[in-house]
Amino acid sequence: CFVPTSEIIAVEEAELHKKQRNIGKWQKMAKPHAFIVYYVKKARNHRWRCSDVTFWSVDEHVCHQWIQVLKELLEMQKSRPKQLLVYINPYGGKRQGKWIYEQKVAPLFSLASVSTDVVITEHANHAKDNLFEVNINKYDGVVCVGGDGMFSEVMHGLIGRMQKDSGIDQNNPKAPLVQCNIRIGISPAGSTDCICYSTVGISDPVTSALHIIVGDCQPLDVSSVHHNNTFLKYSVSLLGYGFYGDILKDSEKKRWMGPMRYDYSGFKTFLSHHCYEGTISFQPAKHTLGSPRDKDSCRAGCYICKKSEQQLAEQHKECKGVKHEEDEEEWKVIKGKFLAINAVNMSCACPRSPKGLSPAAHLADGSADLILVRKCSRLDFLRYLVRHTNQDDQFDFSFVDVYRVKSFQFTSKLLEDNESNVTDIGKKRFGQFCRDHQACCCNIASSTWNCDGETLDSSAVEVRVHCQLMKLFARGIEENCKDEAAYSQSSVEQLL
């Protein structure tokens, strides 16, 4: 069995009980010595478990030598965290956050000699506000125990703290944001845990804890959302207007129902079948290698993410020192009536939708997939939604368009007359225009934006993708193989 040093969790000396000394050939030894190696054991469906193997020796000196060498090898793993700041949301999901951390995560941190400072959040934005006050430099990372909302809160706190310390004005939509080098770890304890599922491949607190311990690092794109030169939110997964915005707005009134509220509100929103008229202008992401329909999913060590980052960096070098003016010819404009407008920085996969909203979306290529679902019949829209749960191409409909973009703007028809700052820009740009039929099924003027599970009331937004703005304690989703416990000899650094 080959085990990479990077996936050894801990090494410790073992005390042999009398029963163990009397088993098999060890009973012939006068006084056998032993040590235990705890390591990552990979199971199906991207699940990791902590396993162990005991090594025996009659020579005490040899035993101690092995322990010393292995511990030195672990010390050389500089990416591993030694001190973590942990925020626990005791109210998220099924209110199991505190129990999950204490019973499943904390024992693993203790085994791996990872020190922690734990904060139990008491109200909304507790973690975000606290991150502006603590001495963040003493920590190797921040862990959030909760759902996607808890992760969003920690992310806003860290990115906001970095921009504040660097003197960056977050209200400027064109400001180059400073990358956040402090990694965030996710211990899933929410309703969907979409971000964890899309970056690790499974929503399992033990698996996520082991990724944190071994010091995995996965860069992540972040989108900033502005309205009239005012910062609103950051988004890493879904920014949805129309269908998903309406679901969230309705479900917020029914929090007493628990996770069931999403099913109820989803069914209710589907029956209402509201569509919304507006104008969307976007800038295609020409630096990326892939496309939303190439079926090339983002995986650990993704080649497309690495090459796209390099090409984006080269573009920025060429523009350095030159007054930046948006290239008018690069923008495309679409007008029409939409059932849903979705922008995703990742696949947004979850157990209910294993492929997600955009199966080929990449975590760190500096782009977002913009999905436009134009007005159609209720039956056609149902066919589109069903494809999120199977292997069929969900973009293979005449009323669905998908684009890979690096920025976009949207304003609803209601605001076009009042907020000319967005529409005037759109009128200047050349591009494709599509108009729907005159008959309108909507009786509501505008929807709300669903920004990673939080509502944004402003219909007019300006969105920009920031390439690899932050980092996670994650590896990306690894490729499946017939024997996930097997390792190639070329990747082995230490043979046990």
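Me: Is Glu7 buried or exposed?
Reply: In this predicted model, the relative accessible area of Glu7 comes to 3%. A residue counts as buried under 20%, and so Glu7 is buried.

Me: Which residue meets the side chain of Glu7 in a salt bridge?
Reply: The bridge joins Glu7 to a partner with an N to O distance of 2.8 Å. The pair links distant parts of the chain, since Glu7 lies in the segment before strand S1 (8-14), while the partner lies in the segment after strand S17 (461-472), 468 residues apart. That partner has a relative accessibility of 18% and counts as buried; the residue is Arg475.

Me: How many residues apart in sequence are the parts tied together by Glu454 and Lys233?
Reply: Glu454 forms a salt bridge with Lys233, and the closest N and O atoms are 2.6 Å apart. Glu454 belongs to strand S16 (residues 454-456) and Lys233 to strand S9 (residues 230-235), so the pair ties together parts of the chain whose separation in sequence is 221 residues.

Me: Is Glu454 buried or partly exposed?
Reply: The relative accessible area of Glu454 is 27%. Buried means under 20% and exposed means over 50%, with partly exposed in between, so the label for Glu454 is partly exposed.

Me: Which strands hold Arg374 and Asp401?
Reply: The side chains of Arg374 and Asp401 meet in a salt bridge of 2.9 Å, N to O, and Asp401 is partly exposed, with a relative accessible area of 22%. The pair ties together parts that are 27 residues apart in sequence, because Arg374 lies in residues 368-374 and Asp401 in residues 400-412, which are strands S13 and S14.

Me: What is the area of the nonpolar surface patch made by Leu379, Leu382 and Val386?
Reply: Leu382 is found in helix H11 (residues 378-386), and at 37% relative accessibility Leu382 counts as partly exposed. Together with Leu379 and Val386, Leu382 makes a nonpolar surface patch of about 260 Å².

Me: How many of the nine residues of helix H7 are buried?
Reply: Helix H7 spans residues 205-213 and is mostly covered. Among its buried residues are Pro205, Thr207, His211 and Ile213, and Gly215, with a positive phi near 80°, follows the helix. The number of buried residues in H7 is nine.

Me: What percentage of the residues in the protein chain is buried?
Reply: The secondary structure of the chain comes to 13 helices and 17 strands, and the chain exposes about 23900 Å², of which carbon and sulfur atoms supply 49%. Of the 496 residues in the protein chain, the buried share is 54%.

Methods
Residues are numbered from 1 along each chain as its sequence is written. This is a predicted model: local features need pLDDT of at least 70, side-chain atom pairs count only at pLDDT 80 or more; totals for chains, interfaces and linings use all residues. Side-chain values use heavy atoms; hydrogens and water are left out. Helices (H or I, at least four residues) and strands (E, at least two) are DSSP runs, numbered from the N terminus. Buried means under 20% relative accessible area, exposed over 50%, partly exposed in between (1.4 Å probe, protein chains only). Accessible areas come from the Shrake-Rupley method with a 1.4 Å probe; for residues, only the protein chains shown count as cover. A salt bridge is a side-chain nitrogen of Lys or Arg within 4 Å of a carboxyl oxygen of Asp or Glu. Patches are made of residues with over 30% relative accessible area and no salt bridge: like charges are joined within 9 Å, nonpolar side chains (Val, Leu, Ile, Met, Phe, Trp, Tyr) within 5 Å.
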